[in-house]
Amino acid sequence: MAEVRAKKHLGQHFLTNLDIARRIAESLTPVTTADSCSHVLEVGPGMGVLTQFLLPAYGEQLTVAEIDGESVIYLRKHYPELRIIEGDFLQLNLAELYAQRGGVRVIGNFPYNISSQIFFKILDYKEMVPEVVGMIQKEVAVRLAAPPGGKEYGILSVLLQAYYDIEYLFTVPPGVFNPPPKVQSAVIRLTRNHVEHLPCDETLFRQIVKATFNQRRKTIRNSLCSAFLAVREAVASGRVEAHPFFGLRPETLSVEQFVELTQWVTTLTRAE
């Protein structure tokens with residue numbers, strides 16, 4: 001494991017335990033002949049600890065995206081048959097790469113410093129990413145899978161749960177990495193649900209979720225009035241009655257309730 005040095009600025013912590021690597025690779029749902037999406041993209045393969053288990057299963061259907069040039073050299077030497085994209089996953093146009101291939105499933109030991117950005121990117125391509133398996137910080141994994149009502153529930157919890165079923169699979173201790181991170185890690189699986197489109201303005205839905213959680217100590221009334229002029233003016237003029245959610249805080253609202261709130265804000269915007 002000494003051929004590639006871990007780089008702090010890339011958030012690299014190389015997994016060294018092969019049993020855990022195998023478990024992660026096997027957490028992807030096996031492809032059947034009925035599946036339209038058989039392509040797999042591994043993010044940040046490093047020295048290929050996951051890759052070695054993915055290649056036999058997916059062969060030419062597997063591609064890896066690696067930003068670290070030193071890791072790319074290592075992979076080309078040890079896995080000459082591997083399809084490698086040398087570059088930043090966050091900059092990839094997945095539609096350009098996979099729209100004609102029925103989509104792509106994403107897997108990886110995600111760099112901790114960009115794990116949230118990776119999931120926001122997945123949301124941007126949700127129509128073509130049916131499944132994601134990722135190892136991330138345990139704290140983030142708990143947050144993504146959290147139900148409404150707790151302090152862990154937040155922006156990404158709502159946005160991802162609107163389109164994906166999220167499973168917390170297992171915890172991974174620091175000692176199986178080189179160098180060991182200062183936190184525990186966890187593996188989660190996201191499986192696309194049957195919601196093609198929310199019954200509301202999806203752009204506004206995202207804005208409302210972000211606006212309310214960015215002021216999570218405030219009530220829904222205060223955060224909406226602060227973020228949306230239409231709501232502020234309607235409330236100030238007495239033109240609308242207080243919404244039933246006004247006295248609540250965002251962590252108590254389910255995805256369905258955020259949809260309802262978005263529909264309500266939409267009616268105010270249209271009335272302007």
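The largest pocket of this predicted model has a volume of about 420 Å³. A pocket here is an open set of points on a 1 Å grid over the protein atoms alone, where a 1.4 Å probe fits, with protein on both sides within 12 Å along at least five of seven lines; lining residues have an atom within 4 Å of a point. The volume is the space filled by probe spheres set on the points, which are joined across faces, edges and corners.

Of its 30 lining residues, Leu10, Gln12, Gly44, Glu66 and Pro111 are the closest to the centre. Strands β1 (14-15), β2 (40-43) and β3 (62-66) each give two or more residues to this lining; strands are DSSP runs of E with at least two residues, helices runs of H or I with at least four, numbered from the N terminus.

Now let's bring in the record. An unreviewed UniProt entry lists His13, Leu15, Gly44, Glu66, Asp88 and Asn109 under "binding site", and the lining of the largest pocket includes His13, Leu15, Gly44, Glu66, Asp88 and Asn109. Such annotations may be inferred rather than shown by experiment.

His13 lies in the segment before β1, and its contacts (heavy atoms within 4.5 Å), leaving aside neighbours within four places in sequence, include Asn109, Tyr112 and Phe177. Asp88 sits in the loop between β4 (83-86) and α4 (94-98). A polar atom of the Asp88 side chain lies 2.9 Å from the backbone nitrogen of Leu90.

Residues are numbered from 1 along each chain as its sequence is written. Local features need pLDDT of at least 70, side-chain atom pairs count only at pLDDT 80 or more, totals for chains, interfaces and linings use all residues, and side-chain values use heavy atoms, leaving out hydrogens and water.

Note on methods:
Polar contact = N/O pair within 3.5 Å; in protein donor to acceptor, adjacent residues only side chain to side chain.
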